[in-house]
Structure formats: C-alpha cells, structure tokens
Amino acid sequence: MLTYPRWKYVVFLIVLLLSTLYALPNIFPQDPSVQVTANRGAPVDEALRTRVSDSLKAAGIAVKQVEIDGKKGNLLVRLGNPDLQVKAADALRPQLGSDYIVALNLASTVPDWLEKIGARPMQMGLDLQGGVHFLMQVDQKAALEKRLDATAEDMRMLLRDNRVSYESVDRRPDNSIVATLKDPAAAEAARGVIAKNLPLLQMQVLGNTLTVQTPQSELQRIATEAIEQNVGTLRNRVNALGVAEPIIQRQGSDRVVVQLPGVQDTAQAKRILGATATLEYRAVVEGNAYDAVQTGNIPAEARVYYRKEKGADGKPIPILLNKRVIASGDQLVGATSGYDQQSGSPSVSVRLNSAGGQRMFQFTTENVGKPMAVVFIERLPEVRIVDGKEVRTTRVNEEVISVATINGVFSKDFQTTGLDSSKEAADLALLLRSGSLAAPMDFVDERTVGPSLGKENVERGTTAVMYSFAFALIFFLVYYRMFGVITSIALLLNLLMVIAVMSMFGATLSLPGLAGIALTVGMSVDANVLINERIREELRLGLPPQTAIATGYDRASGTIADANITALLAGIALFAFGTGPIKGFAVTLIVGILTSMYTAVSVSRGFATLIYGGRRKLKSIWI
C-alpha cells in the first residue's frame with residue numbers, strides 16, 4: 001500500500017524550516033564599506049566616529065551610516081557603491097595615520113535575529129563576487145640586512161667557541177662584515193675558523209682586521225628565498241584566517257599579489273598579512289641604563305632597549321640587553337594564547353624547536369636567579385603627506401614587554417606575559433604559528449576586484465543554471481502532469497537545501513560550483529525520471545494505481561542509491577585531491593547529491609502519498 005509514516009512528515013517540516021531559515025540570509029545584499037580598526041590600543045569611540053564623519057563630509061563623500069561595532073571593537077562606514085568605498089578609504093588613511101588600520105570591507109545586512117542562530121550568507125568566490133586585492137612589496141634590503149646580521153652573530157659565536165680573541169664584529173653599509181681582532185695572528189686564525197664553517201663567504205685579511213664579503217650570487221639567492229618564504233608564510237596566515245580559495249602569487253622580482261574573496265574583516269586580514277611581529281628573548285646586562293643613555297658609554301655586548309611601562313616622569317624606561325638573542329620567533333613551533341594562572345593577564349604559551357629549546361635550556365641552567373627580557377618587535381606602516389603627495393613609510397617598534405627572574409631551568413615550553421589584551425595575545429600567537437616573514441612587506445596597493453572571469457561570463461553562468469532548472473520544471477509539468485508538479489516541488493526544495501547547507505558550513509560558491517549545482521539538478525531529474533517511468537511500467541502491468549506508485553518508489557530507490565553513491569565517491573575524490581575551482585565544484589556536487597537523494601525519493605513520495613494515499617479508490621492517475 002501507498003503509505004508514509006507521520007514522523008517522516010515531521011522530519012520534512014523541520015528540514016523545510018531549517019532550510020528556509022539558513023538560506024534566507026542570502027537574499028540580503030552586503031554593503032560596500034570601510035572598516036577602521038585600532039592599532040595597538042588607539043581608542044575607538046564617539047570622538048573617532050565624529051572625526052571620520054567630518055573627514056568624509058569635507059571630502060564630499062555621502063555615506064549610509066557610520067557605526068561602532070562593539071563586538072569587534074572597530075568602526076564601520078557603510079557606503080552606497082564600491083567607487084565611494086575606495087574614495088572613502090583614500091580620504092581616511094592620511095587623516096588617521098598609523099594609529100588606525102583603514103581597510104575595505106563588505107558589511108552584512110543580515111538581521112540580528114538570524115545571526116544569533118548562526119545563519120549567514122553563503123560565501124562567494126572571486127569569480128562570482130570579487131573580493132579584496134592586495135599588492136605587497138617585499139623589502140629586499142631588510143631581508144639582506146637580517147641575513148647579514150645573522151651571519152655577523154654566527155661569526156661572533158664561532159670566534160668565541162674557538163677562543164679567538166676579537167674586539168668587535170660589525171656590519172658595514174656596503175654589505176660587508178668587518179671583524180677587528182687583537183693582532184694579525186688572531187686575524188689569520190679567525191680566517192681559518194670562518195672558512196671552515198662558512199665556506200661561501202669571501203674573506204680578506206689586512207693587519208688585524210678581517211673583512212668578509214657575501215658573493216653577489218649568494219645575495220641574489222637570499223633575496224629570492226625571502227620572497228618564496230614570504231609567499232609560504234602568507235599562505236599559512238591566510239589559512240589561519242579561514243579564507244576560502246585565496247589567490248597568493250608572486251609578481252615580478254619583489255612583489256606578491258594576494259586576493260581574498262568576500263572577506264568580512266579585511267582590517268584583520270591586512271594586519272595579519274603585513275605584520276612582522278615577533279618575540280626575542282634576551283639576557284639583561286647589568287649596569288645603569290640611564291647613565292649609559294646619557295653618557296653614550298654602552299657596554300660592547302649590550303644594546304639599549306625601552307620598556308613598555310613609563311617612568312614617574314612619563315618617559316620610557318631604558319634597559320640594557322645583550323646583543324645575542326637567546327631564542328626568537330623563528331625557532332618557534334607552536335603558540336597558543338591564554339591567561340596567566342597567577343596574574344590573570346593575557347599570555348602566549350610557546351614551544352621552541354629542538355635547537356631553540358637546547359639554547360634556552362643552556363642559558364637558564366647557567367643563569368638561574370638572573371633576569372631575562374622578552375622583546376616585542378613590530379613593524380608599523382605610516383602614511384604621511386609630503387608636498388601634497390602620500391608617502392608610505394614604516395616604523396619598527398621594539399619594546400620590552402616583560403622582564404622576569406629565571407626561577408628554574410626550562411627549555412622548550414614556557415609562557416610569555418606582559419601583553420595588553422587577549423586580542424593582542426591571540427594575534428601574536430597566530431603570527432608566531434604561521435611563521436615569520438623573511439623580510440618586511442609593505443602594502444603598495446589595495447582595492448576591490450570584480451569577478452575574475454568578467455561580469456558577462458558570471459551572468460551567463462547564473463543564467464545557464466536558472467535555465468537548466470526552468471527547462472527541467474517545464475519538461476516534468478508537461479510530460480508527467482501531476483507527478484511533474486510533485487517533482488518540481490522536490491527540485492525546488494533540493495535547491496533550497498543546497499543553498500542552506502552551503503551557507504551553514506561556510507562553503508564558498510564559485511563559477512565551477514554553479515556548474516556543480518546545475519549537474520545535481522540534472523541528477524535529481526534522472527532520479528525522478530526513474531521513479532516516474534517505473535510507476536508507468538507497473539501501471540502497464542495492470543497493478544492498481546496506489547500499488548503501482550508504492551512499487552515504483554520501492555524498486556527505483558535501489559537503482560537511484562547505486563547511481564548516486566558512485567557519483568558521490570567521485571565527488572569525494574575530487575574534493576580530497578583537487579584544489580581551487582575543482583574543490584569548489586566537488587563541494588556543490590557532494591552536497592547536491594545528498595540533498596537530491598532525499599528530495600527525489602523521500603520528499604516526493606510524501607507528496608504523492610498526500611495526494612493519492614489513504615483510503616482513496618483510484619481508477620487512474622495523471623502520469
């Protein structure tokens with residue numbers, strides 16, 4: 001008999017309700033906007049809101065709304081179109097300077113009650129929605145200086161470990177390193193030690209000085225490796241942000257293009273992408289730092305740093321730290337943010353690699369009871385107006401965030417405190433986990449980008465999906481009559497469920513994804529054709545209408561399951577081994593197959609039972 005359990009109707013109603021709720025946010029368009037985020041503790045308040053509003057009014061830019069987002073702690077300027085968005089960002093950057101990050105954004109217009117239940121619009125890929133385009137330039141000079149500083153430190157360690165007396169080892173502006181030794185014999189000994197351990201360097205001895213040059217080929221290799229490492233680090237950071245299907249590629253000799261589709265918080269992305277924040281652990285050198293600063297008489301092994309805290313006179317407190325770094329962010333293999341159990345302040349728990357852990361173990365073993373400092377190093381972008389033109393520069397901020405006494409021996413695992421907020425701790429942990437940039441990077445261009453395949457192609461792709469859907473509906477209505485109506489309802493619900501599921505799980509819809517949806521519509525059509533033709537066959541064999549419907553569904557279900565499971569396995573393989581557009585196609589294919597199996601077999605049978613089931617006596621049916 002043609003029956004359908006009541007609990008299945010309840011399940012269907014729940015699925016319909018949830019699908020409608022979670023697909024609903026997709027009808028709300030996003031507003032082009034400019035997001036203003038504080039940099040290192042700058043206030044986001046009504047004064048900033050008034051300042052931004054006045055600046056945009058003076059520039060003649062009409063805005064929809066200027067609002068403070070209390071949850072995220074930033075200010076959002078909603079605008080009417082992308083052209084105004086770019087103009088507003090260009091107008092605000094010189095006015096706000098380095099205290100704030102001004103970034104392009106797409107602001108949600110989804111009602112709060114939908115957001116509270118986790119309903120959000122489906123993410124669109126660059127080829128459908130566009131996104132944010134960053135052009136970043138690698139500071140190759142800084143990369144060379146960083147590598148040469150490391151080489152100079154290696155030379156100092158080699159000379160100390162081999163007991164070769166030296167007065168100084170300094171890097172010169174011409175990319176050479178000059179070691180001054182006590183006598184010519186020591187210079188020759190230093191040449192032998194360095195030649196054995198650093199064979200790529202070119203050396204020249206003149207009296208008691210040893211001049212070391214890095215070959216041009218090696219300098220070029222360093223520059224190339226810096227860009228490649230930065231590209232890899234950017235990929236790690238973007239992955240940590242959870243951006244779907246980003247584009248990160250090298251452009252020219254010293255630039256990198258980053259495209260982020262439909263990013264909601266571009267200010268966060270910009271801060272994380274360009275940040276070079278890291279930590280260094282250094283020993284504290286005994287001595288009066290104030291006297292050293294005033295007299296300029298700084299110990300040879302020391303360098304002056306300043307603490308984050310201010311003194312009684314409101315000025316930074318100087319401190320002498322050893323030039324030799326005990327461990328740095330480069331040696332870190334894990335970092336998590338949290339809170340210090342004793343003080344309750346934000347902290348970052350770090351884990352070093354074996355080399356860093358061994359160095360930390362050796363240092364703490366020899367210096368129990370002595371202080372060790374944690375230096376926070378950050379490169380901050382600055383925008384200045386010179387002769388009416390915008391000039392972008394950067395400022396390196398180095399400050400001591402913590403000085404603690406070593407109470408015991410430790411190596412790989414320990415905790416860093418002294419951070420301003422939990423958000424700063426979370427950002428620092430993310431940066432340390434993602435790896436450090438081999439060289440600083442500056443944003444030389446930021447803009448919104450349109451669909452990469454062109455507006456016309458996008459419209460054609462969308463139109464193709466809609467027409468395939470419409471043709472299927474018309475065919476079923478004409479050919480299968482009442483069962484065509486049932487099939488059309490199942491197809492509409494299938495499309496609704498696909499959109500809802502992709503929205504719930506934050507999947508990204510791209511143009512290949514649209515092709516996947518069109519394909520699942522076709523597969524759903526195949527399933528319904530099998531069912532309807534099976535019912536026709538049973539009627540031709542002389543079975544009563546209700547028995548023919550029930551038998552048709554029962555016998556067609558196994559064939560439909562076999563065909564769809566085969567396609568599902570292919571979709572899983574595409575998702576597992578594919579990248580980019582292939583993975584986007586696979587996602588919609590997998591979701592569409594699962595939903596179409598439910599709607600074609602279960603939902604359509606429920607409607608058929610409502611229409612033809614029960615105790616009705618049927619002589620014929622429209623099919």
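Some ground rules come before the tour. Residues are numbered from 1 along each chain as its sequence is written, and the side-chain values use heavy atoms, with hydrogens and water left out. In this predicted model, local features need pLDDT of at least 70 and side-chain atom pairs count only at pLDDT 80 or more, while totals for chains, interfaces and linings use all residues.

Let us start with the whole protein. Its secondary structure comes to 16 helices and 22 strands; here helices (H or I, at least four residues) and strands (E, at least two) are DSSP runs, numbered from the N terminus. Of the 623 residues, 45% are buried, where buried means under 20% relative accessible area, exposed means over 50%, and partly exposed lies in between (1.4 Å probe, protein chains only). The protein exposes about 30,700 Å², and carbon and sulfur atoms supply 55% of that area; accessible areas come from the Shrake-Rupley method with a 1.4 Å probe, and for residues only the protein chains shown count as cover. Among contacts with a separation of 6 or more, 73% are made by residues 24 or more positions apart, contact meaning heavy atoms within 4.5 Å.

Now look for the open sheet of four strands with the order S2-S3-S1-S4 and antiparallel pairing. Two strands pair if DSSP finds at least two bridges between them. At the edges are strand S2 (65-69) and strand S4 (100-107), each pairing on one side only. Neighbouring strands of this sheet are turned by 25 degrees against each other on average, direction ignored; the axes are lines fitted to C-alpha atoms, for helices over the stretch in contact, and angles run from 0 to 180 degrees between N-to-C directions. Helix H2 (residues 46-58) packs on the sheet, where H2 touches S1, S2, strand S3 (74-78) and S4, and the direction of H2 makes about 30 degrees with that of S3.

Within this sheet, strand S1 (residues 31-38) and S4 are joined in the antiparallel sense over eight bridges. To find your place along them, look for Val34, which stands opposite Leu104 in S4. Strand S4 also holds Val102. Val102 counts as buried because its relative accessible area is 4%. The C-alpha atoms of Val102 and Ala91 are separated by 10.0 Å, and the two residues are 11 residues apart along the chain.

Further along, you meet another open sheet of four strands, this one with the order S7-S8-S10-S9 and antiparallel pairing. Its edge strands are strand S7 (166-171) and strand S9 (202-206), each pairing on one side only. Here neighbouring strands are turned by 15 degrees against each other on average, direction ignored. S7 and strand S8 (residues 176-181) run antiparallel and are joined by five bridges; in S8, Val178 is the bridge partner of Asp170.

Helix H5 (residues 140-161) lies across S7, S8 and strand S10 (209-213), running at about 165 degrees to S7.

A hairpin is the next stop. Strand S11 (residues 247-251) pairs with strand S12 (residues 255-261) in the antiparallel sense over five bridges. Three residues lie between S11 and S12 in this hairpin, and Gly252 in the turn has a positive phi of about 70 degrees. Ile247 stands opposite Gln259 in S12.

Tyr467, Phe471, Ile474, Leu477, Val478, Val485 and Ile489 make a nonpolar surface patch of about 680 Å². Patches are made of residues with over 30% relative accessible area and no salt bridge: like charges are joined within 9 Å, nonpolar side chains (Val, Leu, Ile, Met, Phe, Trp, Tyr) within 5 Å. A salt bridge is a side-chain nitrogen of Lys or Arg within 4 Å of a carboxyl oxygen of Asp or Glu. Helix H12 (455-480) and helix H13 (482-504) each supply at least two residues of the patch, and the largest share, five residues, comes from H12. Phe471 lies in H12 and is exposed, with a relative accessible area of 54%.

Glu533 counts as partly exposed because its relative accessibility is 27%. Not counting residues up to four places away in sequence, Glu533 touches Tyr479 and Tyr480.
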